[in-house]
Amino acid sequence: MRRSLVLLLAAGALVAGCSGTKTGTASSEPSYTTGSPSASSGSSGSAPKVPSPLKTSSIESDACSALSAAKRSELGLGEGERRTTSVGPGCSIFAADDRLNQIEISPVLANKNGLSDVYDTKANDEYFEPTEVAGYPAVYAAALDGRKSGKCGLFVGVTDQLAVNILVQYDNGPGASDPCPVALKVGEAMIETLKEG
């Protein structure tokens, strides 16, 4: 419970730091809405079940492997930069033609009940919109709603035990005023990459 609170407070501080005037740099860590890691045996299982769990060992050790080189090229993205976040490995990927447009991909390893842990903490979110990504359960969610300023958070359930957070932070182009379709395209490309193995 205490670790969950720390994660939520850290996420709130990070989002608050990004919510003002655009400075031209994306935040160094995406915001997460995470359930309590200790609640792994008590989750209500409130999220839809994952129909065909994907192999996730590659992204659990290297989040940048979530998108193949071909998929990054299709999406106009450059190479990913590996990082470590408070909840596991992360990957920062910038638009090939504009480093002010950034996508963060992070498997949320701190949660053991995948998307259900995100559902179980939805009361902490300013927006929470269930959806599907290539037939996989997902939800647009974030502690603060920055969609009008180019920020969109998407959680995708890739197994019933693992959700992947995709955070778009776009300062320029169409994604700056409508970032969630960018997150959706990245999620679809991630599912295809994981299916390819």
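Q: Which relative accessible area counts as buried in this predicted model?
A: Exposed means over 50% and partly exposed lies in between, with a 1.4 Å probe and protein chains only. Buried means under 20%.

Residues are numbered from 1 along each chain as its sequence is written. The model is predicted, so local features need pLDDT of at least 70, side-chain atom pairs count only at pLDDT 80 or more, totals for chains, interfaces and linings use all residues, and side-chain values use heavy atoms without hydrogens and water.

Q: Which residues of strand 5 point one way, and which the other way?
A: Strands are DSSP runs of E, at least two residues, numbered from the N terminus. In a regular strand the side chains alternate between the two faces of the sheet. In strand 5, seven of seven residues are buried. Pro137, Val139 and Ala141 point one way, and the other way point Tyr136, Ala138, Tyr140 and Ala142.

Q: Which residue of strand 5 stands opposite Glu132?
A: Two strands pair if DSSP finds at least two bridges between them. Strand 4 and strand 5 run antiparallel and are joined by seven bridges. They form a hairpin with two residues between them, where Ala134 in the turn has a positive phi of about 50°. Opposite Glu132 stands Pro137.

Q: What is the bridge partner of Tyr140 in strand 6?
A: Strand 5 pairs with strand 6 in the antiparallel sense, over three bridges. The partner of Tyr140 is Leu154.

Q: Which strands stand at the edges of the sheet?
A: The open sheet has seven strands in the order 1-2-3-7-6-5-4, with antiparallel pairing. Each edge strand has a single partner, so one side of each is left without a neighbour in the sheet. The edges are strand 1 (77–85) and strand 4 (127–133).

Definitions and conventions
Helices (H or I, at least four residues) and strands (E, at least two) are DSSP runs, numbered from the N terminus.
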